[in-house]
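Could you walk me through this fold, sheet by sheet and helix by helix?

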Amino acid sequence: MTKPRTYKTKAIILKQVPLGEADKILTLYTPYMGKLRAVAKGVRKPRSKLSGHVEPLTHAALMLAQGRNLDIVTQSQTIDSFIYLRQDLHLTSSAIYLAELTDCFTVENEEDPTLFQLLLHSLHRLSEGMCSETILRLYEIRLLENLGYRPEIRKCVYCGTLTPSPCYFSPSGGGLLCLKCRHKESLAHPISPDALKIMQILQETNPYTHEELQFPKGVARELEHILRSYISYLLERQLKSTSFLDILKQSEVDRVVQKL
Ligand SMILES: [Zn+2]
């Protein structure tokens with residue numbers, strides 16, 4: 001379908017980079033056009049009508065006009081700026097991580113309304129103060145599923161042994177390995193029965209439930225490690241925002257240790 005000369009869309013602003021003196025290039029995630037890059041002209045000037053409505057992690061209603069290379073944002077109205085989320089450094093960095101994950105796994109102009117809804121929902125939940133670990137893991141698992149990278153977490157990917165024990169997760173194998181098969185892949189992390197159970201629940205049930213699920217700290221760390229290693233294997237790199245999340249987590253640990 002050819003795009004009209006001007007068009008409206010809702011979008012979540014994933015990121016922005018400066019362009020020239022006064023402009024910015026925005027990366028938008030839209031429900032029906034997928035990822036989109038567009039120019040916000042003059043947005044860095046003090047009296048720009050756009051500024052404040054195109055900040056990263058804003059849900060906005062935009063009007064765009066076709067440009068020669070990139071389309072141009074002509075209007076933007078904030079629907080939700082997730083104000084609570086912006087007041088907390090840990091929540092902000094969690095949300096930036098979700099945005100970066102979405103940006104890295106999606107391609108331009110490929111619609112995925114399900115993923116859009118899930119991202120929007122996750123930002124709302126973070127903004128409402130839900131446990132960020134649960135929101136992040138749920139989003140990772142659902143994004144992987146939606147984009148065709150669903151890991152096999154019911155049986156060994158080689159011999160088919162159901163829920164092997166002991167059990168390993170292999171990023172390159174795309175799922176579980178049993179003790180006998182673990183050497184068939186160069187990298188395999190042990191996964192505890194508790195972490196596996198939670199991963200199965202997150203994968204197999206409605207993504208809009210189970211947000212209340214709270215995992216014990218050790219299991220949360222294990223799941224984060226396993227999913228992160230799978231994601232970086234697929235992307236062939238680490239996401240930038242993960243290092244900031246790690247620094248924040250470490251400073252929380254330091255603060256607790258200091259209090260002891
Ligand atoms: Zn096996």
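**From a hairpin to a helix face**

Let's begin with strand 4 (residues 59-65) and strand 5, which pair in the antiparallel sense over 7 bridges. Two strands count as paired if DSSP finds at least two bridges between them. Helices (H or I, at least four residues) and strands (E, at least two) are DSSP runs, numbered from the N terminus. Keep in mind that this is a predicted model: local features need pLDDT of at least 70 and side-chain atom pairs count only at pLDDT 80 or more, while totals for chains, interfaces and linings use all residues. Residue numbers start from 1 along each chain as its sequence is written.

Back to the strands: a hairpin of 5 residues takes you from strand 4 to strand 5. If you want a landmark on this pair, Leu62 has Ser76 in strand 5 as its bridge partner. Strand 5 (residues 71-80) also pairs with strand 3 (residues 34-40), here in the parallel sense over 2 bridges. Look for Val39, whose bridge partner in strand 5 is Ile72.

Now step back to the whole sheet. What order do the 5 strands of the barrel follow? They close up as 1-2-3-5-4, with mixed pairing. On average, neighbouring strands of this sheet are turned by 50° against each other, direction ignored. Axes here are lines fitted to C-alpha atoms, for helices over the stretch in contact, and angles run from 0 to 180 degrees between N-to-C directions.

Helix 2 touches strand 1 (6-19), strand 2 (23-30) and strand 3, and its direction makes about 105° with that of strand 1. Helix 3 (residues 113-127) touches strand 1, strand 2 and strand 4, at about 110° to the direction of strand 2. Contact means that the C-beta atoms of two residues, placed from the backbone, lie within 7 Å.

Thr102 counts as buried because it has 23 C-beta neighbours inside 10 Å. The cut-offs: buried is 20 or more other C-beta atoms within 10 Å of a residue's own, exposed is 12 or fewer, and partly exposed is in between. Leaving out residues up to four places away in sequence, Thr102 touches Leu14, Tyr29 and Leu119. The C-alpha atoms of Thr102 and Leu119 are separated by 8.2 Å, with the two residues 17 apart along the chain.

Helix 2 (residues 89-105) also packs with helix 4, at an angle of about 5° and with the axes 11 Å apart. That makes the two helices roughly parallel, a label for angles under 35 degrees. Among the residues of helix 2 that meet helix 4 are His90, Tyr97 and Phe105, while the helix 4 side includes Ser132 and Leu143.

There's a second sheet too, an open one of 4 strands in the order 6-8-7-9, again with mixed pairing. Its edge strands, strand 6 (152-156) and strand 9 (189-190), each pair on one side only. Strand 6 pairs with strand 8 (residues 175-178) in the parallel sense over 2 bridges, and Glu152 stands opposite Gly175 in strand 8.

Finish with helix 5 (residues 193-204), where Ala195, Leu196, Ile198, Met199 and Leu202 are buried. They sit on the same side of helix 5 because they cover an arc of only 165° around the axis, taken from the directions from the helix axis to the C-beta atoms. These buried residues pack against helix 4 (132-146), strand 6, strand 7 (167-170) and helix 6 (217-235). On the other side of helix 5, Pro193 and Glu204 are exposed.

Note on methods:
Angles under 35 degrees count as roughly parallel, over 145 as roughly antiparallel, 65 to 115 as roughly perpendicular and the rest as oblique.
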